[in-house]
Amino acid sequence: QVLLVESGGGLVQAGGSLRLSCAASRSISVINVKGWYRQAPGKERDLVAEIARDGSTNYADDVKGRFTISRDNAKNTVYLQMNSLEPEDTAVYYCTSRDLYYWGQGTQVTVSS
């Protein structure tokens with residue numbers, strides 16, 4: 001049973017924008033979606049942005065001011081708006097449940113210089 005489905009990745013030039021979506025199935029409430037991680041080739045999977053149950057947010061230092069995480073409870077979806085993209089943002093982006101038990105399949109983001 002697929003619980004989290006990411007979409008919105010793609011190829012973009014440096015300075016461009018993308019919006020990622022993480023759609024949660026009815027089996028998992030969107031408030032139990034922790035946020036977004038990313039993994040570049042040969043690197044560990046790192047936290048990018050998270051949103052708490054109360055809506056407060058937290059970001060990795062290297063995306064602060066450029067990325068924004070948000071949640072639409074009616075659509076059961078968490079978003080990641082990514083602006084001013086840099087080649088260093090190239091990675092597979094995953095959303096995950098709050099307990100890190102459930103992960104989506106990932107969506108590739110590639111930023112060209």
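Trainee: Hi! What kind of model is this, and how are residues numbered?
Mentor: It is a predicted model, where local features need pLDDT of at least 70, side-chain atom pairs count only at pLDDT 80 or more, and totals for chains, interfaces and linings use all residues. Residues are numbered from 1 along each chain as its sequence is written, and side-chain values use heavy atoms, with hydrogens and water left out.

Trainee: Great. In what order do the four strands of the open sheet come?
Mentor: The order is β1-β3-β8-β7, with antiparallel pairing. Strands here are DSSP runs of E, at least two residues long, numbered from the N terminus, and two of them pair if DSSP finds at least two bridges between them.

Trainee: Which strands stand at the edges?
Mentor: Those are β1 (4–7) and β7 (67–72); each has a single partner strand, so one side of each is left without a neighbour in the sheet.

Trainee: How many bridges join β7 to β8?
Mentor: Six, and β8 covers residues 77–82. For instance, Arg71 has Val78 in β8 as its bridge partner.

Trainee: New topic: which residues does the disulfide join?
Mentor: Cys22 and Cys95, with 2.1 Å from S to S. A disulfide is a pair of cysteine sulfur atoms within 2.5 Å, and the count by this rule is one.

Trainee: Which parts does that pair tie together?
Mentor: Cys22 lies in strand β3 (residues 18–24) and Cys95 in strand β9 (residues 91–97), so the link connects parts that are 73 residues apart in sequence. The link is right-handed, with 70° about the S-S bond.

Trainee: Is Cys22 buried or exposed? What about Cys95?
Mentor: Cys22 is buried, at 0% relative accessibility, and Cys95 is buried at 0% as well. Buried means under 20% relative accessible area, exposed over 50%, and partly exposed in between, using a 1.4 Å probe and protein chains only.

Trainee: And what volume does the largest pocket have?
Mentor: About 160 Å³. A pocket is an open set of points on a 1 Å grid over the protein atoms alone, where a 1.4 Å probe fits, with protein on both sides within 12 Å along at least five of seven lines; lining residues have an atom within 4 Å of a point.

Definitions and conventions: Grid points are joined across faces, edges and corners, and a volume is the space filled by probe spheres set on the points.
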